[in-house]
Amino acid sequence: MAYSMAASCRSLGSVGLVRAPWERLRILTALQRFASSSPISKEAPRLPWQLHVAVMVQRYPVITQPKAEMERNFEELMQQIELEKSFLSDHELRHKRDLDTRAKQAKGEMVEKDQEGEVVLETALEFEDRCEQELKQFKFAPREADAQRTGDRRTIERSLESNLVLLVQNKFEASAKPMWMFPQQRVDPGMTLRQTADQLVTKLGLNAQVLGNAPVGFYQYRFPRKLRDRTNAVGGKLFFYRAIYRGGTLSKNPLIDDFQWLQRSELPQILPPRYVRKVHEFFIDY
């Protein structure tokens, strides 16, 4: 490097850009000092990266979300427009026939009979009263599950109106601090990313369907120094897959210490910010 720079300076001096001999000497001296203080270092061998696959097991909403105020107002408006512009319903026509029958009975005229030849005993108003009484006795299922009131995050029955994803607590090594993440597994030699995702779902014991052959996200991280020395790898390259929850419960796994079913808004509470940003790129809540 010093030789090439000195040669460049000599070429510059030959064309008259560096004219004085003492100036050329000063430049050559500075280049020699720079070359002596910057020895050529051998490039250290680069450690490889480990390939991992993570699966975001997602449970779709079970019930609809509560309507917003604007939605309720619009619904009332549409019902009012429909009521004003619609034809009479069967129940309203029946009520009209009952009024005509009662008027004929009051005048002593012949009353229309049903197909069996008998006079209809229950009027439309009586039928309406009976339906209202039956409705009062009917108990609707609560929108809020017991797990939502108790704050239990380990059950799939919580937050029925929202999307939930499975997070597990895992350890990279015995002395490491437990970390929350999506279920993940290292890619074994000879296996594809999709095959690894299917194998991971099977180990979890869940009935879930992995979507697509290509990953939906990517995340790269470095191992701690102790883990780097033990695995002889600089870090992990993580490929995300999505899976739809169909049923089943999480089976006991020696690699998993704990698990939670969380909403999208709850992920920043326990996941690293950089990990969350990558997840939010492909996890769209609706």
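Helices (H or I, at least four residues) and strands (E, at least two) are DSSP runs, numbered from the N terminus. This is a predicted model: local features need pLDDT of at least 70, side-chain atom pairs count only at pLDDT 80 or more, and totals for chains, interfaces and linings use all residues. Residues are numbered from 1 along each chain as its sequence is written, and side-chain values use heavy atoms, with hydrogens and water left out.

Start with a loop. N232 sits between helix 8 (225–231) and strand 7 (235–247). Its phi is near 55 degrees, a positive value in a residue other than glycine. Burial has cut-offs: buried means under 20% relative accessible area, exposed over 50%, partly exposed in between (1.4 Å probe, protein chains only). N232 has a relative accessible area of 49%, so it is partly exposed.

Now move to the loop between helix 6 and strand 2, where S159 lies. S159 is not a glycine, yet it has a positive phi of about 50 degrees. Its relative accessible area is 3%, so S159 is buried.

S162 belongs to the loop between helix 6 (146–150) and strand 2 (164–170). At 8% relative accessibility, S162 counts as buried. Which residues does S162 touch, not counting those up to four places away in sequence? They are R59, Y60, P61 and Q263. Contact here means heavy atoms within 4.5 Å.

Strand 2 leads on to strand 8. The two run antiparallel and are joined by 5 bridges. Two strands pair if DSSP finds at least two bridges between them. L167 has Q260 in strand 8 as its bridge partner. Strand 8 (residues 258–262) has 4 of its 5 residues buried, so it is largely enclosed by the rest of the structure.

Finally, look at two helices. Two packed helices are described by the angle between their axes and the distance between the axes. Axes are lines fitted to C-alpha atoms, for helices over the stretch in contact, and angles run from 0 to 180 degrees between N-to-C directions. The axes of helix 4 (residues 90–107) and helix 5 (residues 124–137) come within 8 Å and cross at roughly 135 degrees. That makes helix 4 oblique to helix 5. Angles under 35 degrees count as roughly parallel, over 145 as roughly antiparallel, 65 to 115 as roughly perpendicular and the rest as oblique.

From helix 4, H91, R94, H95 and D98 meet A124, L125, F127 and E128 of helix 5.
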